[in-house]
Amino acid sequence: MKKISIHWFRNDLRINDNPSLKFAAENGKVIPIFIHDTVNNAQKEFNIGEASAWWLHYSLDALNKSLDEKVNFFSGDPFKIIKLLIKNYDIESVSWNRCYSPWEIKRDTEIKTYLKESNIKVSTFNSSLLWEPWEVLKDDNSPYKVFSPFYKKGCLKNHPGPRKVVKKIENIVLNDKVVESLDIKSLDLLPNHHWKDKLGQHWNIGEAAAMDKYIKFRDSGLLDYKQGRNFPAKENVSMLSPHIHFGEISPHQIWFDSKVLAPEKDIVHFHSELGWREFSYYLIYHFPHMCTENLNKQFDKFPWQINTAFLKAWQQGKTGYPIVDAGMRELWETGYMHNRVRMIVASFLVKNLLIDWRVGLEWFNNCLCDSDLANNTASWQWTAGSGADAAPYFRIFNPILQGKKFDPDGSYTKKYVPELKHLPKKYLFEPWEADHTILTESGIDYGVNYPKPIVSIAHSRDIALHAFEKIKK
DNA sequence: TTTTGAGTTGTTCGA
DNA sequence: GTCGAACAACTCAAA
C-alpha cells in the first residue's frame, strides 16, 4: 500500500514553489487539507476580516480546481481535526509551511509535539519569508529594532540569502477526498451582504492570476517604481499584497525573478519594500505582545479619544479632507488602498482625530483583502509613533499638502470623491478656500453633498503635539 | 570601550 | 518662492 502524507495548506495557497507540498508529493499519496481555524484566533484583532475571508473563499476555490477538486476542507479546531485524520487514516507524515503570528506559532507547536509523540513524521518548511526571523540577529544575539541595519546588514550582508525557488512538482498523486471533509461553501467565508459583489469587480484571485499580475507589474510598473510608487493615480505599485498574503505567489518567486530588466534603483527599492514586509514579521516574532499593545510603553498613557462620530466619518470617507476621503472610499470600494494614502489616512486618524491605532487597525483588518497581522501591526504602530523605528511624533501628515504633492492633477481624489470632480484643481484639497460661486458652479452644496472638515488640521495637530509631549515626561 | 553619526515615507517657521 | 533648521529620543554600527 502506498504511503499517505498530509499537506496542510495555510497561507501558501499555491502549487509552485511550495516546499511542503513538494515534500508530501515525493513521499507518496497526498491528502491536501485546509482548515478554517475557528478556535485559535478568537481574539478580534486576529480574526480574519470580511474582505480577506471573501478573498480566501475564491483563492481556495482556485487552488481546489488546480488540484483536481481534491482539497479537503474543514472548519473548527485544527488540533482535533488532524487528530481525527491520523486516527482514521494510515498517515505516515504531516507537513506544512511555517506561519509566524504568535497564535499560529503556539498552535502549530502544540500540534507538532502531539504528532511526534504519536510517531507521525512531521516536517515544516519555509515558504513565505525570505529570512527566518530567528536567523537575523545583531552581534550580541538580540533582535534589530531599526529597519536599515536589519535589512542592509542583518539580511543582505550577513546572511547567505533567501532559499531558492523549489523546482516544479513533477507528479502528484492525490488521495480521494476523505469523508470527513466539507465543501468550500460550508466554510461560510463569504460575507452575507452585497459588498462582495463590488469587490469582485476589482480582482482576479488565485495562483495563475497572481503570476499574471506580477508579470504585468515587472514589465511596466516596476520600470519607474521608486518615483511612481508614491502617486496613487499611477500604476507603479504591484498590487500583489493580497496574493502574497495568501501565498498565491511567494516573495521568493518575486525576489529572484525581478532581479533583471528594470533600472537598478527601482529593483533595489522594490526589494526593500519586500524587506519591510520581512521586518514586520520579524518584529511580531520577536515582540509578539506588540500585536495588541504599544511596543513603546510610554504610549500606554496616551489620551486616546473615543469619538464614534469622528470614527464613522473616517470610515465612511466623510471627513471633509478630500485625499483622506478618497483613500477611505477606495478601501470600501475595492478592499485595497494605495500605500501612500494608507499613511495619510492612518496619520489623520491617530494624529488629528486622536483615535487609538488599534481602532484603525480593526477597520483595516475588516476591509482590506490583504489584511495581514504583521504588516498591519507594524505599520499602524509606526504611524502612531509607538512602534519600532517609528515615525517621530512630530511627523504629522498634512492632508492638504500630501494631496497637492502626490495627486497633483487630482485624478485619484476625483475618482473616489466624484462630488468634487468639477471643483477647480486649485481648491480640490481645500474646498473651504473656494468662494460660494465657485462651489455652486462646481455642483457642490458645501456641507450638504460634501462635508466641511470635521476638525481643523492646525488645531488638532497642536493638541496631538502637546499630548505627545506630555507622555514623554 | 567609548564616541559619534545616521536613521522610509514630513511640516513649519523664519531667513 | 526657496532653503535650512528645528522638531526628540533612542538604536545601531562604524570609527
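Glu 69 sits in the loop between H2 and strand E3 (72-76); helices here are DSSP runs of H or I with at least four residues, strands are runs of E with at least two, and both are numbered from the N terminus. This is a predicted model in which local features need pLDDT of at least 70 and side-chain atom pairs count only at pLDDT 80 or more, while totals for chains, interfaces and linings use all residues. Residues are numbered from 1 along each chain as its sequence is written, with chains lettered from A and ligands numbered from 1 in the order in which they are written.

What is the phi of Glu 69 near? The value is near 60°, which is positive although the residue is not glycine. Most residues other than glycine have a negative phi. Asp 188, in the loop between H5 and helix H6 (195-199), also has a positive phi near 60°.

Burial is judged from C-beta atoms placed from the backbone: a residue is buried if 20 or more others lie within 10 Å of its own, exposed if 12 or fewer, and partly exposed in between.

| Residue | Other C-beta atoms within 10 Å | Class |
|---|---|---|
| Glu 69 | 11 neighbours inside 10 Å | exposed |
| Asp 188 | 14 neighbours inside 10 Å | partly exposed |
| Leu 274 | 21 within 10 Å | buried |
| Ser 127 | 24 within 10 Å | buried |

## Domains and how they meet

Let us turn to the overall layout. Chain A is divided into domain 1 (4-126), domain 2 (128-163 + 205-286) and domain 3 (297-472), with bounds that come from an automatic or database domain assignment. The centres of domain 1 and domain 2, taken over C-alpha atoms, are separated by 25 Å. Across their boundary, 19 residues of domain 1 are in contact with 20 residues of domain 2, a contact being two C-beta atoms, placed from the backbone, within 7 Å. On the domain 1 side, helix H2 (residues 50-66) gives the most, with seven residues. That side divides into nine nonpolar, seven polar and three charged residues; Ala, Val, Leu, Ile, Met, Phe, Trp, Tyr, Cys and Pro count as nonpolar, Asp, Glu, Lys and Arg as charged, and the others, Gly among them, as polar.

Ser 127 lies in the loop between E5 and H5. Not counting residues up to four places away in sequence, Ser 127 touches Asp 12, Asn 18, Pro 19, Ser 20, Asn 97, Gly 247 and Ser 250. Ser 127 and Pro 19 are 108 residues apart along the chain, yet 6.6 Å separates their C-alpha atoms.

## Strands and cores

Strand E1 (residues 4-9) pairs with strand E4 (residues 91-97) in the parallel sense over five bridges, where pairing requires at least two bridges found by DSSP. His 7 has Ser 95 of E4 as its bridge partner.

The largest nonpolar core has 76 residues, and Ile 33, Trp 55, Val 345 and Leu 349 have the most contacts inside it. Such a core is a set of buried Ala, Val, Leu, Ile, Met, Phe, Trp, Tyr and Cys residues joined through C-beta atoms within 7 Å. H2 gives the most to this core, with nine residues. Why does this core lie between domain 1 and domain 3? Both domains give residues to it, so it lies between them. Beyond its neighbours within four places in sequence, Trp 55 is in contact with Ile 205, Pro 242, Phe 246 and Cys 369. Another core, of 34 residues, lies apart and includes Tyr 100, Leu 129, Val 136 and Leu 295.

Leu 274 is found in helix H11 (residues 264-286). Its contacts, leaving aside neighbours within four places in sequence, are Leu 130, Pro 251, Ile 254 and Trp 255. Leu 274 and Leu 129 are 145 residues apart in sequence and 9.4 Å apart in space, C-alpha to C-alpha.

## Surfaces near the DNA

Finally, the DNA. Of the 13 residues around DNA strand B, Ser 148, Trp 276, Arg 395, Asn 398 and Leu 401 come nearest; a residue is near a strand if its C-beta atom, placed from the backbone, lies within 6 Å of it. Helix H5 (147-157) and helix H17 (399-406) each supply at least two residues of this surface, which divides into nine nonpolar, three polar and one charged.

Around DNA strand C, the residues include Lys 138, Lys 145, Lys 153 and Lys 472. H5 supplies the largest share of the surface near DNA strand C, three residues. Five nonpolar, one polar and four charged residues make up that surface.
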